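Subject: Structure handover

Hello,

Here is the structure we spoke about. My notes on it follow below.

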Amino acid sequence: MFTRFQALVRDYFGISHREARGVLVLILITVLLLLTPWLYRRLVPETIADTAVSDQRTLDSLVALMKTDEAKQPRYADRNDRYTRDEADKTTTERFSEPKLFRFDPNTVSVTGWQQLGLPRWMAQRIDKYRSKGGQFRKKEDLLRIYDFPPDLYEQLEPYIQLPEVVAYSGRSGGSSSPAVGASVNEATASNTSRFSRPAYTKPALQPFDINQADTAQLIALKGIGSKLASRIVKFRDALGGFADTDQYHDVFGLDSLALNELMQYGKIQSPVQKMAINTATAEELDHHVYLSRRQAEVIVNYRTQHGPFTSIESLRPIRILDAKTLDKLAPYLSF
């Protein structure tokens, strides 16, 4: 049978008698290697080491160590103690992960205080670095000027921010600064108060502005909009050619409901958009517009070359690659 199988291999592969024998030996070795694990599991019984005694000894030692540590811990019998056992056992990271709100001055609060208010350590260090370089918070909204300061956390901290009242000295030109001879102490005190103090700083009310002419500073003054979002809004507006409708604010990526409400309230459209001459624009110029892709721009130019200039937005509707929604968005930006 072996000789017959050997002849079959030799005839099938077209090899010599010696090569066929080598192939059969190789096949046999491969089969043995594949069967070895199965044969080993079948022939060699599996032995399980008895670890019950050693495990019991380990558990006993652990219990003894726990009892020793427990005896060394101070007891908290008084209910009026400042900390309970659970609070005292917490690590610094665990205590800082639970915000503890308190009234604070952002110009003086420490890095540790910022962490207790709920800020991560890297953000607290960023604020501290800003102050060390001479930065000051003159109004509550200045916190949002810190890069990546979370707007939702600002809404939570805003009622607890306490900024010092602005005190100015208003001297008199000529005459003595001291009260007149014979004046009462109360009169002197009233005179000093009137010279050295003034009403507390009140935040100027935001005024509507032209969104198509606004810079990033005006946008940052709105709630929920930081420097990153302000730059994104300006970049989108310039690529668009200006906002034609306030509904286009929803097309800016990353704006939440708070930022959108602020833009709707204060960002007014008071100047016209920049238009493209559809009958002379190249495919590259059309491709730069937000609402057109490279393929759509090329199709528009080819269609114009074949059928002549466009006369209105309706003359673009036969182009199948442009749907009605895209044409409605493009209409304010095209000149014919």
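The largest nonpolar core has 42 residues, and Leu219, Ile225, Leu263 and Leu286 have the most contacts inside it. A nonpolar core here is a set of buried Ala, Val, Leu, Ile, Met, Phe, Trp, Tyr and Cys residues joined through side-chain atoms within 4.5 Å, with buried meaning under 20% relative accessible area for a 1.4 Å probe, protein chains only. Two or more residues each come from helices H10 (216–220), H11, H12 (257–266), H13 (283–287), H14 (294–307) and H15 (324–330); helices are DSSP runs of H or I, at least four residues, numbered from the N terminus. H11 gives the most, six residues.

Leucine 219 touches Phe209, Ile211, Ile225, Ala230, Ile233, Val234 and Leu263 (heavy atoms within 4.5 Å), leaving out residues up to four places away in sequence. A second, separate core of 18 residues includes Phe104, Trp114, Leu143 and Phe149.

This is a predicted model: local features need pLDDT of at least 70, side-chain atom pairs count only at pLDDT 80 or more, and totals for chains, interfaces and linings use all residues. Residues are numbered from 1 along each chain as its sequence is written, and side-chain values use heavy atoms, without hydrogens and water.

The lining of the second largest pocket takes its largest share, four residues, from helix H11 (residues 227–240). A pocket is an open set of points on a 1 Å grid over the protein atoms alone where a 1.4 Å probe fits, with protein on both sides within 12 Å along at least five of seven lines; lining residues have an atom within 4 Å of a point.

Regards

Definitions and conventions. Buried means under 20% relative accessible area, exposed over 50%, partly exposed in between (1.4 Å probe, protein chains only).
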